[in-house]
Amino acid sequence: MKRTFAILLSAALLLTLLPACNPQGAAQPTQPSDTASPEATASAPAESGLSCTLALSGVLSTLDLSFSDGELLCSDGDGEANDRERLAAYISGAYGLDEGEWEEAAVTRATGANATELAVLRFADEDAARHGEESLKDYLHSREGDFMGYAPEQAALVAGGVVSRQGTYVGLFICGDSAGAKFVFDELIQTGELPEPPEPTATPDLSKDVMALLDAVLFDYDGPELEWVNRSDPDKLKSVLEEEYGLAGYAWADAAIARGTGENVFEVAFIRMEDQSAVSREVIDIVVDYLNAKEEAYDGPQEQAKMLNNGAIFANRGYIIVLVSNFSGLYQKRMIEAGVSTEIFLYIERHLEEKPVSSAEPAPNHPDREKFTPPGKEDMSIYDTSAIRTAWVSGDPSGLSKNDRAVYDAAQEILGEILTDGMGDLEKEEAIYGFMVDQVNYDWRHQDVMAETPRTAYEPYGGLVDRAAVCLGYATSFQLLCDLAGLECITVVGAYHQGEEEHAWNLVRLKGNWYGVDATWDANGRELGSGDGYEWRYFNLTSDELALMRQWDYDNVPEATATDRGRG
């Protein structure tokens with residue numbers, strides 16, 4: 001039996017996230033009587049005056065979603081003038097929607113290195129809602145870029161985010177159970193009632209053998225004959241994963257696949273990647289492309305085509321699950337019973353007509369790399385450190401500006417602590433890089449449209465004095481320390497995320513060879529990963545390795561070709 005919306009009001013009042021949002025004047029659905037007709041209890045929600053705040057609180061309370069270090073913004077607040085003004089500023093800055101384009105909204109979002117965000121917006125009509133839906137989908141794409149490289153698990157969280165439009169309402173859900181949030185939102189908007197909260201499940205055991213998981217899901221399958229692909233035939237498994245799924249060059253560890261033949265598109269696959277912490281968006285996109293291409297090429301019975309169109313992908317914690325079946329719900333239930341709850345997986349929506357087409361073009365002189373076009377979103381001009389370097393050579397910093405003197409003094413103290421007599425160039429580089437990775441934190445205000453990132457975060461002052469910087473601050477701080485230590489180093493200003501987001505890193509020259517380093521992304525790995533035990537992933541890379549996720553002016557930046565990590 002469903003709980004009706006009348007109970008939602010009580011739940012909403014108990015939510016600690018909603019102290020400032022006291023809905024006023026909205027008509028509240030009430031508990032239907034036992035004699036009410038089905039038609040009466042399923043009235044169109046778009047006409048009911050449903051509050052966005054209550055709709056959002058319904059999702060939060062039903063799924064028991066909560067997080068710290070965040071804020072709630074709502075338009076039906078307690079009368080304070082700045083409530084709606086701040087909400088409007090956020091919706092404009094983040095979603096690209098002006099205040100006149102929406103009528104009511106409620107947003108709850110985490111801040112800092114956490115991408116969790118849920119929002120419900122109501123529009124004047126369905127045409128406006130469609131525009132809002134597209135704007136929120138664009139936001140999802142750009143928000144993934146905010147965290148890609150900086151916080152991969154959060155980027156994966158955004159990649160699994162969902163936008164749902166129901167009449168004049170649009171919901172955005174970026175959370176650990178985005179599919180569940182969408183389900184609750186859709187049910188609430190369509191019926192005015194909340195579904196029962198899911199039964200608690202045991203902590204999922206993701207170390208389960210993929211063949212055992214497949215057996216647990218399909219133990220009583222009695223449909224058309226299936227093709228079974230698993231490690232019992234390693235050559236066939238490798239061929240299917242790498243040639244058909246497109247995972248050649250990616251570190252997959254094991255897989256178990258059961259799929260139909262001929263016109264039967266049925267498919268259940270468990271793929272385990274070597275990295276158990278997360279699945280990259282790049283790998284997710286490859287599997288999505290596999291299903292999309294399969295659907296696009298399919299020319300069989302309509303019921304099979306529909307089943308393929310509804311094929312779902314779940315990804316997280318080193319696993320990718322593919323479900324193409326009329327019994328996907330049953331199979332998800334069996335996965336839960338087997339100890340693998342799909343609630344912890346990111347549900348990847350895939351629809352051919354909505355899949356963005358990559359705008360990436362090959363670079364003219366480097367056809368194996370993406371063409372670089374400066375995004376132009378930020379001021380990426382490099383801070384002039386010539387006065388600091390001149391003072392360092394002369395040993396007289398007295399003529400420096402206040403900020404430059406602070407940077408000079410900080411650099412002198414840092415180098416005095418980390419460098420010793422007799423160090424070789426590689427040892428100096430490792431010492432400087434280790435300082436930047438271990439002692440400088442990323443300034444997460446940069447990922448928040450409601451926070452102002454000071455210009456010093458883009459400069460050596462942020463990295464060496466404040467010990468908080470964005471990528472350009474890391475890169476210019478690293479270069480300045482290298483310059484003062486006698487190492488040849490340059491700062492490269494480029495982009496990532498298909499050229500849509502600015503980024504900066506460095507090249508260092510050792511024994512005549514150039515090597516690429518990205519202290520920003522390694523610092524994020526240390527900060528968000530395993531702390532002091534973090535192993536550098538972006539130290540002394542080749543240009544080809546850098547180009548896997550970055551774009552820059554290839555013709556005017558030295559090529560890093562040595563593969564010895566500087567130890568040759």
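Start with the open sheet: its 4 strands run in the order S20-S19-S18-S21, with antiparallel pairing (strands are DSSP E runs of at least two residues, helices H or I runs of at least four, numbered from the N terminus; two strands pair if DSSP finds at least two bridges between them). You're looking at a predicted model, where local features need pLDDT of at least 70, side-chain atom pairs count only at pLDDT 80 or more, and totals for chains, interfaces and linings use all residues. Residues are numbered from 1 along each chain as its sequence is written, and side-chain values use heavy atoms, leaving out hydrogens and water.

Now select S20 (513–517) and S21 (550–551): these are the edge strands, each with a single partner, so one side of each has no neighbour in the sheet. S21 pairs with S18 (residues 488–496) over 2 bridges, in the antiparallel sense. Click Ala495 and you'll find Gln551 of S21 opposite.

Next, bring up H15. This helix packs on the sheet, touching S19 (501–510) and S20 (contact means heavy atoms within 4.5 Å), and its direction makes about 150 degrees with that of S19 (axes are lines fitted to C-alpha atoms, for helices over the stretch in contact, with angles from 0 to 180 degrees between N-to-C directions).

Last stop: show H15 (residues 425–439) with H17 (residues 471–485), whose axes come within 10 Å and cross at roughly 150 degrees. Among the residues meeting there are Ile432 and Phe435 in H15, and Phe478 and Leu481 in H17.
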